[in-house]
Amino acid sequence: MMTSTPAIAKKQNAKSSPFASGIAIVLYVALARIILYLVAGPHYGYFRDELYYLACGEHPAWGYVDQPPLIAWIAWLLQHSIGTSLWALRLPPALAGAATIVLSGLVARELGGRRWAMFLAALASLMAPVLLGLSNLFTMNAFDALLWTAIAYLIAHLANSGRESLWLAIGALAGITVLNKYAVLFWLSGVILGVCLTPFRQSLRHRWFWLGCALAAAISLPNFLWEWRHQFPFLQLMHNVRQSGRDIVLSPPAYLLAQAQMLGFIAALLVPLALLFFFSKRGRPYQALGWAYLVFLAEMMLLHGKMYYVAPVYPMMFAAGAVWMEDATQRRIWIWAKPALALAIAAIAGIYAPTIVPILSVPNFLAYEHKLGIEQQKFEHEKEGVLPQLFADMFGWDEMAQRVAAYYRTLSPEEQRKTAIFANDYGEAAAIDFFGPRYGLPKSISGHQTYWLWGPRDYTGESLIVLGEGRERNMQTKCASYSIVGNTETPLSRPDEWLPIYHCRGFKANLQTTWPEFKHWR
């Protein structure tokens, strides 16, 4: 599996000035991602899922209803180190985004690319709108691209070096990636198929491949055992989501168009070029990565996965496409194509960037969106208000906690001690948990997602402040008294979060015994 082309490319890269080498240029591009973090990191407010992951971080475990444990462990680490301000919370995603950019350039070098291919791969990984957006928020998606690209780098390096022992490192990274997000299992199935169909099949005769597989399984085993112990809540959740029709389902052509749009169209051109590279004679040693992409994309279209689920695979595809493009433009007649493509990627992504990352103030964003007629891509059937869903989910949470606290303080100390705050879903519950303590509120309870597993704490139901109607049908009929005491409406938040706040006194059943009825996984 040895090939001399990448070695030649590395020597050529090394000949240039250290400040103008391929590695240096890739680092400059990665630095731009850090600068963007300094500009946009603390803007707007906490995203719904960020608050939820912080709540999960207060309950360290090997699993959660709607995600594996890694994001909660990182949240726990932040809570016990640099804190959970927006600056602190969005630093790890920004660093992961910058590292992904560097790795994309390194993958290009491993595939035989020289300085320009490394730059183009890094630029596309920086500017693709979906990668910009995902690396701006503290979510699992921010770390997926980094982990997948690291695996691709090791696979390409293995193809060049022939060091079968690298399968151990690949297995370890695969296991860690499973602990971040389960979608990687579908991509890894494509990798394994690619191993069987390409020169990598000789690895099947070595113990290192199987030891790598065993290591990946061992690292992810505790999470599997947690799922098994809790009757596989993630699968229950996915079934319920499908039954509810919450997610937007796209036909294969519409799905492919959505992929192109989330990559900024111009950068998307590198993807078919990557396939040309992988299925050419030169790219044959790395063809397993090409098969992995095709299998993964087909699986996501067949299973109606959200469009952004495919995003982590693109930095490595950008690398391969950049190498093909670099080779194709070697003739002087095509020299103009290099800067033209780079400028086009930067220009298109620059136009999209304010709609993905909170660079502009809200009034300026609304004016910008109206003038250009560009809208964020939708992946759920949610009613939108003034702002699109991605931005609207960053508003209203602190105000919600303040309004609940304003009523809570009107209660006598005795009633406060037995009053639970029952949240409609994990976003509201997490907002109460995060912002509430500064206003004197207790931690919330909820039947939604992992909150249901955490139970009703010590509350019996004698006194409940309920955000919204509650998932329990006809809840008002099960209370001795049930009155509206406020609302959560704020201008910039999502309209489906504009909820009445009720006070239920004298719930006619003990929460400790009826809690299973409140289970709501969707």
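This is a predicted model: local features need pLDDT of at least 70, side-chain atom pairs count only at pLDDT 80 or more; totals for chains, interfaces and linings use all residues.
**View 1. The largest cavity and the residues around its centre.**

**View 2. The helices that line the largest cavity.**
Which elements give two or more residues to this lining? They are helix H6 (91-110), helix H7 (115-127), helix H8 (129-134) and helix H9 (141-161). Helix H6 supplies the largest share, with 4 residues. Sorted by class, the lining of the largest cavity has 8 nonpolar residues, 5 polar ones and 1 charged one.

**View 3. The second largest pocket and the residues around its centre.**
Now we turn to a pocket. The second largest pocket contains about 210 Å³ of space. Look for Ile170, Ala174, Leu188, Ile192 and Cys213, which lie nearest the centre of this pocket. They belong to a lining of 13 residues.

**View 4. The helices that line the second largest pocket.**
Here the elements that each contribute two or more residues are helix H10 (166-178), helix H11 (184-197) and helix H12 (207-229). Which of them gives the most to the lining? That is H11, with 5 residues. How does this lining divide by class? The second largest pocket is lined by 10 nonpolar and 3 polar residues, with no charged residues.

Terms used: Residues are numbered from 1 along each chain as its sequence is written. Side-chain values use heavy atoms; hydrogens and water are left out. On a 1 Å grid over the protein atoms alone, a cavity is a set of points where a 1.4 Å probe fits but cannot get out, and a pocket is an open set with protein on both sides within 12 Å along at least five of seven lines; lining residues have an atom within 4 Å of a point. Ala, Val, Leu, Ile, Met, Phe, Trp, Tyr, Cys and Pro count as nonpolar, Asp, Glu, Lys and Arg as charged, and the others, Gly among them, as polar. Grid points are joined across faces, edges and corners, and a volume is the space filled by probe spheres set on the points.
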